[in-house]
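Hello,

Here is the structure you are taking over. Please open it alongside this message; my notes follow below.

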Amino acid sequence: MHDASFGGGTSNIITVSVMMLSYATIIYSTQDCFKAAWASHKSVHTKLDALTAQQSPEGWQYCLRKGRTRTSQLPRFDWTGPLRPYAISKMRVVPDEIEKPDWALDGIPKIEPDSDLQKRVEIKTPEQIERMRETCRVAREVLDAAARVIKPGITTDEIDRVVHEETIARGGYPSPLNYHFFPKSCCTSVNEVICHGIPDARKLEDGDIVNVDVTVYYKGVHGDLNETYFVGNVDEASKQLVRCTYECLDKAIAIVKPGVRFREVGEIINRHASMSGLSVVKSYCGHGIGELFHCAPNIPHYSRNKAVGIMKPGQTFTIEPMINTGVWHDRLWPDEWTAVTADGKRSAQFEHTLLVTETGVEVLTARLPSSPDVYPWLKP
């Protein structure tokens, strides 16, 4: 906080730098003068130290460069809405006995980028499908555990802790952790954040909406899902946004069966969102999933997209529409992960991992009878 240097020679000047909003230099003429002023000087430091401790507990810093860098200062940025990043805690530890994906230690996926499954849509074997079912069930249980703790006053870091601990308790690895250096075990996207929000020290406030995106790596495969939740009492426009986004995913899933073109998914979603005066994000898409976290097919959620291919039995992929209250355009925060709406208005998202069957679709991450009752429109 401060740096004191005692001058030599006959002048015996003492210089003390005090950090407040900016550096100020106080010059004391003698040692006695410094001692006399020390009480008031110390009280300033005590207040500043307390303030700093509140803002940045030990080990908590802001994230930069996709998670490769930390800083103690709030980055400069032309923020699009009211939300700001807060400091993040240190990376959570995964026990040695948990099976890990190849990025767990150094942050770099090795198999995924060069796999032929980036170009070819895999048809899963019955054995792979069974592992996908198990993993997606685990992922659903973990997300439900996170949903149960959401309320005003809880931090998104605490949500991340729940996701991390519940994943490990079931023998899984939280797939986002250190994936391309992502520093946390899930994504928490609040209000104007579209996706990939980093859990941090900000407390959720009454009236917020928050998306929690969970992916679990278990038995060699990934299961991926997300939901957007209400925090306390939410305004009518946000309720309508979240419900419409839920319906967009629901309607998209309803058309999934062998022979359907992947590009049809975006037509269905765009039509429903547009009817409510909402817009569809174009920068982020659904994706193939299995032994790889992200692979073919690429599934855009907007209309007139150029997605190639048709659905076939044995394929597994996600559909995960991001729907905005205002414009569809996005901006990236300085952490190089957090995507926010360009106009600062709210965004919602829902996601499932799906299996194409001989006759239609199986929602591998479907809600369970034990899933928390958080959506009024699902009540009988």
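In these notes, two residues are in contact when they have heavy atoms within 4.5 Å of each other. This is a predicted model, in which local features need pLDDT of at least 70, side-chain atom pairs count only at pLDDT 80 or more, and totals for chains, interfaces and linings use all residues. Residues are numbered from 1 along each chain as its sequence is written, and side-chain values use heavy atoms, with hydrogens and water left out.

Binding site

An unreviewed UniProt entry lists Asp-224, His-287, Glu-320 and Glu-351 under "binding site"; such annotations may be inferred rather than shown by experiment, and their positions are given in the numbering used here, with feature names shortened. The four are spread over 128 residues of sequence, yet they cluster in space, with a largest C-alpha distance of 10.8 Å.

Glu-351 sits in the loop between strand 18 (347-349) and strand 19 (352-356). Strands (E, at least two residues) are DSSP runs, as are helices (H or I, at least four), numbered from the N terminus. Glu-351 has a relative accessible area of 1%, so this residue is buried. Buried means under 20% relative accessible area, exposed over 50%, and partly exposed in between (1.4 Å probe, protein chains only). Leaving aside neighbours within four places in sequence, the contacts of Glu-351 include Asp-224, His-287 and Glu-320.

Asp-224 belongs to strand 10 (residues 221-230). Asp-224 counts as buried because its relative accessibility is 3%. The side chains of Asp-224 and His-287 are joined by a polar contact of 3.2 Å. A polar contact is a pair of N or O atoms within 3.5 Å; within protein, one must be able to donate a hydrogen and the other to accept it, and residues adjacent in sequence count only if both atoms are side-chain atoms.

Regards
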